[in-house]
Amino acid sequence: MVTKFDFIDLKYNPKNDLICLFKIKPARGLDMKKAANTVALESSTGTWTKVPGKDYVEKLRAKVFSIKKDHIKVAYPQELFEYDNVPNILSSVAGNIFGMKAVKAIRLEDISFPKKILRSFDGPKYGVKGIRKILKIKRRPLVGTIIKPKLGLKTRHHAESAYESWVGGCDVTKDDENLASQKFNTFEERVSRSLEKLHDAERETKEKKGYLINVTAETKEMIKRAQLVENLGGKYIMVDIITSGWAAVQTLREAGFKMAIHAHRAMHAAFDRNPNHGISMMVLADFARLVGVDQLHIGTGIGKLEGDIEDIEELSEEISLKEVKATQKRLAQKWGKIKSVFPVSSGGLHPGHVPFLVKHLGRDVILQMGGGIHGHPLGTRAGAMAAKQAVDAVMNDIDLKEYAKDHKELRLANEKWGYFDKRLKYHKP
Ligand code: CAP
Ligand code: MG
């Protein structure tokens with residue numbers, strides 16, 4: 001028998017529950033308690049009207065156990081879900097509730113997972129430590145680029161540009177998010193030409209390099225493409241996790257390939273940009289870590305795409321720490337055996353941004369610059385050199401202006417785009 005507020009228990013102390021932090025704006029004429037109760041019933045065992053139920057169903061009800069201003073916390077018994085099934089979990093806690101008339105707006109800010117659900121997922125194969133081992137880079141941030149223009153290059157020009165970026169100093173070079181297997185640059189030809197260039201660059205530099213080739217496609221096709229990369233000795237694959245879908249990414253991860261997985265998050269802003277309605281990047285990052293990508297884009301807090309640096313810092317902690325503490329927009333989480341994910345900062349970046357990014361995100365970060373490398377006055381190789389010089393300067397606690405005195409490539413980048421000094425004052429070009 002469902003009474004008025006049967007899904008609210010402000011004295012409940014969650015134990016083995018999956019917990020959701022929601023930000024809600026009740027519909028006109030509804031108070032927080034009523035709206036919160038409706039969110040909990042609709043996302044667990046209830047519906048809009050009373051239906052004859054069995055008493056034993058009641059133990060699976062979600063419970064609102066905290067209502068503070070516009071945030072509520074809801075505890076879901078773990079038995080409500082199929083443990084290692086991302087679509088199933090999201091269909092409950094991020095399904096119908098977004099369209100309910102009881103709320104004017106609702107945003108799923110974070111989820112914390114109980115041990116049994118955590119343990120049902122593979123998590124990353126490599127994590128930060130494993131990636132550093134693959135590339136033989138012990139401490140410093142990794143330097144990456146994205147081949148630009150993002151679409152249109154012929155395969156040989158794509159591979160040549162990748163080669164220039166690797167010999168210039170990039171550790172990893174990726175395809176852009178919307179490059180798949182278009183007629184002007186088919187996957188099969190791109191993977192063989194680019195890996196050939198990668199092996200040339202490794203021989204020439206005596207360094208390990210990574211090519212993050214985008215396998216994004218229908219799931220069976222992704223598996224086929226990943227197999228081709230593995231056969232040709234590739235260390236990485238890249239996948240657009242939001243447009244591909246969680247089930248596809250889980251299939252790719254569980255296919256057992258040796259390669260590391262680089263996760264691009266194109267389309268995330270359709271969910272997380274509105275601060276009052278949708279699903280936060282924190283939640284998307286949680287599932288990316290659970291399903292088991294090794295590297296994940298988290299934003300820059302300074303480049304061309306929105307997202308303030310405090311949120312980016314919290315995201316970076318969420319995916320790379322073993323244990324994260326609760327904040328206003330984040331739930332506490334112990335990640336147990338789930339490995340870390342390498343944070344990737346990318347989007348409108350250039351070498352002059354490196355001091356700011358390392359200050360805020362630390363050295364366990366992949367700094368990716370597309371236009372900020374290929375748009376260098378002396379071209380791609382010089383752009384990659386400038387990016388690597390900026391990282392070397394920061395790792396040796398030298399001001400970029402000082403370091404640029406005997407590093408022409410960095411000087412030209414600073415002159416074109418500006419730079420942060422050691423006190424994080426920005427010097428415009
Ligand atoms: C960056 C990028 C990345 C963005 C994605 C682009 O290129 O290749 O896709 O970083 O954003 O296409 O914009 P630029 P995010 O360096 O030339 O900007 O990393 O925030 O997901
Ligand atoms: Mg891109």
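The model is predicted. Ligand 1 has 17 residues around it, and the protein covers 93% of the 470 Å² of accessible area that this ligand has on its own. A magnesium ion, ligand 2, is coordinated by Asp 176 and Glu 177. Glu 177 also has a side-chain N or O atom 2.8 Å from an oxygen atom of ligand 1.

**Magnesium site**

- The magnesium ion (ligand 2) is coordinated by Asp 176 through OD and by Glu 177 through OE, at 1.9 Å.
- Asp 176 is buried, at 3% relative accessible area.
- Glu 177 also counts as buried, at 18% relative accessibility, because the cut-off for buried is under 20%.

**Ligand 1**

- Of the 17 residues that surround ligand 1, the closest are Arg 265, His 297, Lys 304, Ser 346 and Gly 348.
- By class, this shell holds eight polar, six charged and three nonpolar residues.
- Glu 177 approaches ligand 1 with its side chain: an N or O atom there is 2.8 Å from a ligand oxygen.
- Gly 371 approaches with its backbone, where an N or O atom lies 2.9 Å from an oxygen atom of ligand 1.
- Gly 347 also uses a backbone N or O atom, which is 3.1 Å from an oxygen atom of ligand 1.
- Of the 470 Å² of accessible area that ligand 1 has on its own, the protein covers 93%.

**Ser 244**

- Ser 244 sits in helix 8, which spans residues 241-244.
- Its relative accessible area is 19%. Ser 244 therefore counts as buried, since the limit is under 20%.
- The Ser 244 side chain reaches the backbone oxygen of Asp 240 at 2.6 Å.
- Beyond its neighbours within four places in sequence, Ser 244 is in contact with Thr 216, Met 222, Val 239 and Val 249.

**Helix 4**

- Helix 4 runs over residues 127-135 and is mostly covered, with seven of its nine residues buried.
- The buried residues of helix 4 are Gly 127, Val 128, Gly 130, Ile 131, Arg 132, Ile 134 and Leu 135.

**Backbone features in loops**

- Most residues other than glycine have a negative phi, and most peptide bonds are trans.
- Lys 206 is not a glycine, yet has a positive phi of about 55°.
- Lys 206 lies in the loop between helix 6 (187-205) and strand 7 (210-212). Lys 206 is exposed, with a relative accessible area of 73%.
- Asp 397 is another residue other than glycine with a positive phi, near 55°.
- Asp 397 counts as exposed at 53% relative accessibility, because the cut-off for exposed is over 50%.
- The peptide bond from Lys 148 to Pro 149 is cis, with omega near 0°.
- Pro 149 is in the loop between strand 5 (142-146) and helix 5 (155-168).

**Lys 428**

- Lys 428 belongs to the segment after strand 17 (426-427).
- Lys 428 is exposed, at 72% relative accessible area.
- From Lys 428 to Pro 343 the C-alpha to C-alpha distance is 27 Å, and the two are 85 residues apart in sequence.

Key. Residues numbered from 1 in each chain as written. Chains lettered and ligands numbered in written order. Predicted model: local features only at pLDDT ≥ 70, side-chain atom pairs only at ≥ 80, totals over all residues. Heavy atoms only, no water. Donors = N, O, S within 2.8 Å, 3.2 Å for Na, K, Ca; no water. Buried < 20%, exposed > 50% of the residue type's maximum accessible area, 1.4 Å probe, protein only. Helix = DSSP H or I, 4+ residues; strand = E, 2+ residues; numbered from the N terminus. Near = heavy atom within 4 Å. Polar contact = N/O pair within 3.5 Å; in protein donor to acceptor, adjacent residues only side chain to side chain. Areas by Shrake-Rupley, 256 points an atom, 1.4 Å probe, with all protein chains shown as cover. Nonpolar A, V, L, I, M, F, W, Y, C, P; charged D, E, K, R; others polar. Contact = heavy atoms within 4.5 Å.
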